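Let's take a walk through this structure together, one piece at a time. Have the picture ready and follow along.

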Amino acid sequence: MHDLNSIPILIEVAESLSFTRAAEKLHMTKSAVSKSISTVESHLGVKLFNRSTRKISLTEIGTTYIEYLKTSYSFLEQGKDAITQLNIKAAGKIKISAPMSFGTLHLSKIMPEFLKRFPDLQTEIILDDRVVDLIAEGFDVAIRIGDLPDSSLIGKKITPCYSVLCASPLYLHRKGIPNTVADLKSHNCLFYSLYQSGQEWVFHKNNKSENISPTGNFIVNNSESLLQAVIQDVGISLLPCFIAVPYIENGSLVPLLTHYSLPKHYIYAVYPNKNYLPYKTRLAIDFIFEKLNVHSEYSTRYEINYY
């Protein structure tokens, strides 16, 4: 491989098609530019430029080679930028989006430690169950649960997210305990309106799937509101384990159809697809992963599989 310092020289000569103009832009002598080009050609054993007394031009081989060099040089520059970022003190502002219930119950508990670690980094968290447009609304990172259909985003998988079908003991005493998916048709099924996976509940058993479109008298776009309705004996609902587990453990909720399994989703930290990950964003994602990953206390506490 030839000297990396020759790469910007080759690119500049290819763009300006002049040793003189390239030398001026690079603050070099014309002879030094010419010598560098000749050295590379000798090393490669090919002719990259056609030279005449009046002008220079790229050869066919030179045209192909320069395109590869431009791509490689771009990555080299991005690498230097990324390394520079590592030496910068964590400062400035980071804007994070998270679902309301997950943010309130879990993200809010770990963020004080993040603020203590990086006191010069101003952190703004927006709790909202809607899927925000990260780029348009200026978010650096978002916590999302479920599928990631937006290909313009990059996602880091944090931990599994299980769900559980449940109801209160009093509701089940009044209405009976469902034993099959079909039994749910005679129950008041309360529904979270922002499920990314669709408007159906899906149950798996013996390598077969059974779907049901829940019908009931309450549809809401917030899981904690749904939880309150279930606890207060209104109906049956599908709830994330990170919300339902404490209430199952204290007897306020009863898990149902536990002989079926439910689809497993994941919690992701997503960020816009950029050439390299900004330092502040990487700090936030690494911290969230550290605190909530599959081996963490969070995962042990809330990712209980009841089926």
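Let's begin where helices α1 and α2 meet: their crossing is right-handed. Keep in mind as you look that this is a predicted model. To find the pair, look for α1 at residues 6-16 and α2 at residues 19-26. Their axes come within 8 Å of each other and cross at roughly 130°. That angle is why α1 counts as oblique to α2.

Which residues actually meet there? On the α1 side they are Pro8, Ile9, Glu12, Val13 and Ser16, and on the α2 side they are Phe19, Arg21, Ala22, Lys25 and Leu26. Sort the residues of this contact by class and you get six nonpolar, three charged and one polar.

Now let's move on to the sheet. Strands of a sheet pair through backbone hydrogen bonds, and they can do so parallel or antiparallel. Here, five strands line up in the order β4-β3-β5-β14-β6, forming an open sheet with mixed pairing. At its edges you'll find β4 and β6 (residues 153-161), each with a single partner strand, so one side of each has no neighbour in the sheet. Going from one strand to the next, the twist averages 20°.

Let's zoom in on β3, which covers residues 92-98. β3 runs parallel to β4 (residues 121-127), and seven bridges join the two. If you'd like a landmark, find Ile94, which stands opposite Thr123 in β4. How does the chain get from β3 to β4? It crosses through helix α5, residues 100-117, making a β-α-β crossover that is right-handed.

β3 also pairs with β5 (residues 141-145), again in parallel, and two bridges join them. The landmark for this pairing is Ser97, which stands opposite Ala142 in β5.

Conventions
Residues are numbered from 1 along each chain as its sequence is written. This is a predicted model: local features need pLDDT of at least 70, side-chain atom pairs count only at pLDDT 80 or more; totals for chains, interfaces and linings use all residues. Side-chain values use heavy atoms; hydrogens and water are left out. Axes are lines fitted to C-alpha atoms, for helices over the stretch in contact, and angles run from 0 to 180 degrees between N-to-C directions. Helices (H or I, at least four residues) and strands (E, at least two) are DSSP runs, numbered from the N terminus. Angles under 35 degrees count as roughly parallel, over 145 as roughly antiparallel, 65 to 115 as roughly perpendicular and the rest as oblique. A crossing is left-handed if the near helix is turned anticlockwise from the far one by less than a right angle, and right-handed if clockwise. Contact means heavy atoms within 4.5 Å. Ala, Val, Leu, Ile, Met, Phe, Trp, Tyr, Cys and Pro count as nonpolar, Asp, Glu, Lys and Arg as charged, and the others, Gly among them, as polar. Two strands pair if DSSP finds at least two bridges between them. A crossover is right-handed if, with the strands pointing away from the viewer, the path from the first strand over the helix to the second runs clockwise.
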